[in-house]
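This report describes selected features of one protein model, from its strand pairing to the surroundings of individual residues. The sequence and structure are shown below for reference.

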Amino acid sequence: MFLLAAILTVSGLGVSDASPDINEFLKEARLQNVHLSLPDSIVSPNSSNKYFQSVSVEQHSVEARAQRMEFHIWKRHIWLLPPPEALVYAKKEIDHAPLVNEDPIFMLLYLGTFLFSKGVGYWISLNCFRGLKEKEKATLTEVSKSYELMETILKVYIYRDGARPIFHKPSLKGIYASEGWFMKLIEENKQFVTKDPEKAHLFYLPYSARQLELALYVPGSHNLKPLSIFLRDYVNKIAAKYPFWNRTHGSDHFLVACHDWGPYTVTGHEELARNTIKALCNADLSEGIFIAGRDVSLPETTVRVPRRPLRYLGGNRVSLRPILAFFAGSMHGRVRPTLLKYWGGAKDEDMKIYKRLPLRVSQKMTYIQHMKSMKFWIGVLFCGGGRERYSQAKGNFIVHPYEKIS
């Protein structure tokens with residue numbers, strides 16, 4: 001899911017630095033639990049150790065119940081706040097998050113453990129956090145606090161408009177499956193999704209760039225304009241039908257597109273291209289469409305069996321990875337031929353560098369088996385035109401990193 005911090009940075013919300021005071025609500029929780037407190041005199045110096053332990057356990061239980069009640073009252077209050085006020089409160093909480101040890105090694109260990117304990121979705125949403133403040137780096141506690149508040153506060157409204165297969169029909173198989181799985185999981189979600197748009201902090205445009213290509217692109221035409229026109233008309237339709245787009249000029253709306261044409265589908269509508277939060281696999285800054293600090297870089301991965309999406313993901317333990325580095329692919333641009341010149345063939349037995357994977361090699365060890373057996377994957381992802389390319393290998397490599405480096 002996206003961080004709540006993403007919506008704090010979009011234009012048009014007009015939130016101030018003021019923050020609602022919830023101290024009275026927390027006091028209410030504490031007062032309701034006063035009768036549960038145990039007096040100190042209940043335990044005398046002559047009490048048995050067993051009795052003392054029993055009272056200590058009970059005191060701990062009382063404190064835990066008090067904390068739970070306090071949390072539920074706090075959460076209820078947050079849910080009742082209008083979205084702009086909830087965002088103001090969240091911003092204040094993040095701004096005042098306490099400092100922790102930020103030694104570079106500690107940061108790597110902390111972020112690695114925290115991000116992947118939360119799943120790849122959090123790795124995606126972390127990119128949104130970069131624009132939260134006008135400073136170069138955010139503290140670790142700001143990152144974790146932002147995620148904590150997101151889980152408590154964030155509500156997403158999904159437009160029901162749009163006909164299948166372009167809308168509401170996720171593609172769950174292949175190299176563009178990231179966008180499909182996001183659509184499937186968000187539309188099934190009950191924690192973040194709201195049916196009341198007045199309670200929403202974000203609005204999801206539930207279209208599939210892959211389905212858009214299959215439905216509208218004429219093979220061999222090299223013309224992507226029909227795709228951008230179609231999406232332009234859809235945005236104009238919801239802008240005319242509902243007040244939410246015009247209220248922020250699309251700044252609190254987002255889309256998810258893993259197809260490499262995803263960025264170009266938004267170019268027909270100025271506000272869609274300039275203002276919306278875009279989660280893209282093709283996150284290329286040079287195109288002028290992806291905007292760092294607001295848009296999100298979406299990992300790509302290949303899903304071969306939708307019923308078991310994680311079946312082929314992950315790799316061997318590091319002790320079972322005999323290959324130091326691996327690369328096999330077409331000779332795009334200038335870098336790949338140079339790589340092959342210096343490291344190709346059998347120049348180093350620990351380096352497996354090829355053009356296309358030779359048949360004699362693949363018969364003994366497939367591409368996937370090479371991926372699972374390498375310590376490092378050499379990602380030479382640039383074609384002759386200098387534009388960014390990407391591969392599902394990136395996604396497959398990061399999904400279960402601790403299988404690979406621990």
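## Pairing of S6 with S7

Ala-328 has Tyr-354 in S7 as its bridge partner. The strands S6 and S7 run parallel and are joined by four bridges. The model discussed here is predicted.

S6 comprises residues 323-328. Five of the six residues of S6 are buried, and the strand is accordingly described as mostly covered.

## Pairing of S6 with S8

S6 also pairs with S8, in the parallel sense and over three bridges. Ile-323 stands opposite Met-374 of S8, and Ala-325 has Phe-376 of S8 as its bridge partner.

## The sheet and its helix

These pairings belong to an open sheet of three strands, in the order S7-S6-S8 and with parallel pairing. The edge strands are S7, residues 351-354, and S8, residues 374-377, each of which pairs on one side only. On average, neighbouring strands of this sheet are turned by 25° against each other, direction ignored. In general, the strands of a sheet pair through backbone hydrogen bonds, in either a parallel or an antiparallel arrangement.

Helix H13, residues 335-343, packs on the sheet and touches S6 and S7. The direction of H13 makes about 130° with that of S7.

## The contact of H9 and H10

Helix H9 spans residues 209-216 and helix H10 spans residues 225-241. Their axes come within 10 Å and cross at roughly 120°. The crossing of H9 and H10 is right-handed.

On the H9 side, the residues involved are Leu-212, Glu-213 and Leu-216, which meet Pro-226, Leu-227 and Phe-230 in H10. By class, this contact of H9 with H10 has five nonpolar residues, one charged residue and no polar residues.

Tyr-157 lies in strand S1, residues 156-158. Tyr-157 counts as buried because its relative accessibility is 10%, and the cut-off for burial is under 20%. Thr-194 is 37 residues apart from Tyr-157 along the chain, yet their C-alpha atoms are separated by 5.4 Å.

With neighbours within four places in sequence left aside, Tyr-157 is in contact with Thr-194, Lys-195, Asp-196 and Pro-197, and also with Ala-200, Leu-202, Phe-203 and Tyr-204.

## Surroundings of Ser-171

Ser-171 is found in the loop between S1 and helix H8, the latter formed by residues 177-188. Ser-171 has a relative accessible area of 18% and is therefore buried. Leaving aside neighbours within four places in sequence, the contacts of Ser-171 are Tyr-176, Ala-177, Gly-180, Arg-210 and Gln-211.

## The protein as a whole

The protein has 17 helices and eight strands. Of its 406 residues, 43% are buried. Among contacts between residues at least 6 apart in sequence, 73% join residues at least 24 apart.

Terms used: Residues numbered from 1 in each chain as written. Predicted model: local features only at pLDDT ≥ 70, side-chain atom pairs only at ≥ 80, totals over all residues. Heavy atoms only, no water. Pairing = 2+ DSSP bridges. Helix = DSSP H or I, 4+ residues; strand = E, 2+ residues; numbered from the N terminus. Axes fitted to C-alpha atoms, helices over the stretch in contact; angles between N-to-C directions. Contact = heavy atoms within 4.5 Å. Left-handed = near helix turned anticlockwise from the far one by under 90°. Nonpolar A, V, L, I, M, F, W, Y, C, P; charged D, E, K, R; others polar. Buried < 20%, exposed > 50% of the residue type's maximum accessible area, 1.4 Å probe, protein only.
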